[in-house]
Amino acid sequence: WDEGPHLQSERIERHRERALELLEAGKGYRCYRTREETEALRQQSDKALRWEVLRLPDEEQQRRATAGELQDLVRGDVRYPPEALDDFVLLRSDGTPTYHLSVVCDDLDMGITHILRGEDHVPNTPKHIALIEALGGTMPTFGHLPMILGPDKKRLSKRTGAASVEEFRQQGVLPQALYNYLALLGWSPGGDLELMSRKEMAELFTVERLIASPAVFDTDKLAWMNGQYLRSLPLEELMPHLLPFVEDLGLGEADRGRLAAIELHRDRAKDLRELAGFMTPYFTDHLDYDPELCAKFLTDPALPAQLEELARRYQALEPFDLEAIETTLRELAKEVEVKAGALIHPTRMALSASKTGPSLFHLVEMTGQGATSRHFAHFLTFLRDHAQPAQEAP
């Protein structure tokens with residue numbers, strides 16, 4: 001928009017003014033029926049009885065009988081049956097304007113040339129066309145967009161994705177992903193192109209590519225698209241959206257350098273909340289280890305001594321870089337005559353309380369020398385406190 005915002009509630013006097021114009025021109029009339037009487041007329045099966053009070057002129061009856069036709073930008077030719085031009089209220093008995101009057105007055109005053117709205121407004125359009133003609137306005141071009149359905153192909157509900165922008169933000173959806181996904185509900189850029197910036201979408205948009213069939217809100221597709229943006233956005237664009245999710249991890253100004261660890265995890269996360277969860281080990285000195293996940297480690301009597309030696313070597317390692325970290329672990333594995341994996345897996349658990357994650361050596365480097373030592377100490381205590389006897393082979 002390039003003006004406003006205009007609030008409909010602040011324009012009520014203008015809406016009343018235009019209604020009085022119609023009344024004075026004989027294009028509107030005062031109705032003195034009660035609500036009950038009006039509803040009774042609407043329930044009549046014989047449509048002719050509904051207009052007996054009005055005694056419509058022959059030409060008006062003919063106009064209504066032929067109804068109307070609309071060239072819709074999205075749906076092509078749309079024909080309206082005679083009953084679509086039923087009389088409708090402009091001003092209520094308390095003087096407040098109805099939606100029909102308000103929206104038409106505002107569109108005319110603001111010089112609106114194109115009206116794109118949901119297909120649920122299709123029944124309103126003949127009323128608005130009649131009002132625009134009566135008010136002497138220039139007819140805009142109408143286009144009715146498809147409704148958004150849930151995966152069950154029914155009207156979108158809270159259960160199937162109907163949510164506010166704030167709710168999507170709380171779920172960890174990036175605004176870039178949500179904008180991109182919503183743009184594709186009812187429009188296609190052509191080909192297989194799906195991931196686009198706002199600038200690209202604006203350049204590619206044409207009315208001809210609007211889709212008339214209902215769009216299905218697919219939460220899995222949104223999650224996929226969100227993951228794509230998590231992987232591809234420059235770190236400086238991603239950080240403002242991620243920081244609110246890591247604030248509860250005790251992140252201080254001195255810790256912000258640890259956020260570079262995002263690069264190790266963003267390929268695995270589907271939303272900001274999950275990505276923040278992957279960051280927990282970098283901002284937590286004391287991790288909670290799950291005995292079930294650690295069952296294999298708890299039955300290895302040699303493991304605590306091996307990890308204690310690895311921790312000692314890492315504490316003394318200089319420089320503490322990727323190559324030295326990997327070499328140290330592999331040399332120790334060779335010395336104690338185990339495969340490197342026998343040290344890699346418990347070390348990952350010690351540093352992240354997880355069996356999966358990025359390359360261990362990147363994880364150790366990013367965790368840092370001091371935090372690595374603290375995690376090893378806590379994990380060794382856990383192993384000794386929960387040690388289980390080794391099971392005998394059958």
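A charge sits over a ring when NZ of Lys or CZ of Arg is within 6 Å of the ring centre and within 35 degrees of the ring normal. I worked from a predicted model, in which local features need pLDDT of at least 70, side-chain atom pairs count only at pLDDT 80 or more, and totals for chains, interfaces and linings use all residues. Residues are numbered from 1 along each chain as its sequence is written, and side-chain values use heavy atoms, with hydrogens and water left out.

**Entry 1: charges over rings.** I looked up Tyr179 and found Arg198 over its face, 3.9 Å from the ring centre. I then looked up Phe278, where the charged end of Arg268 sits over the ring at 4.0 Å from its centre.

**Entry 2: aromatic pairs.** I searched the whole structure and noted nine aromatic pairs. Rings of Phe, Tyr and Trp (its six-membered ring) pair if their centres lie within 6.5 Å; planes under 30 degrees apart are stacked, over 60 edge-to-face, and the rest tilted. One of the pairs is Trp187 with Phe205, which is tilted, at 5.9 Å centre to centre and 40° between the planes. This pair links distant parts of the chain, 18 residues apart: Trp187 is in the loop between helix H7 (175-183) and helix H8 (198-204), and Phe205 in the loop between H8 and strand S6 (215-216). Helices (H or I, at least four residues) and strands (E, at least two) are DSSP runs, numbered from the N terminus.

I checked accessibility next, with buried meaning under 20% relative accessible area, exposed over 50% and partly exposed in between (1.4 Å probe, protein chains only). Trp187 is buried at 5%, whereas Phe205 is partly exposed at 38%.

I also looked up Tyr289 and Phe379: their ring centres are 4.9 Å apart and their planes at 65°, so the pair is edge-to-face. Tyr289 lies in the loop between helix H13 (280-283) and helix H14 (295-298), and Phe379 in helix H19 (residues 369-385), 90 residues apart. Tyr289 is buried at 10%, and Phe379 is buried at 0%. I recorded one aromatic cluster formed by Tyr289, Phe297, Phe379 and Phe382.

**Entry 3: H7 against H9.** I listed the contacts (heavy atoms within 4.5 Å). Gln176, Ala177, Leu178, Asn180 and Tyr181 in H7 meet Lys221, Leu222, Met225, Asn226 and Tyr229 in H9.
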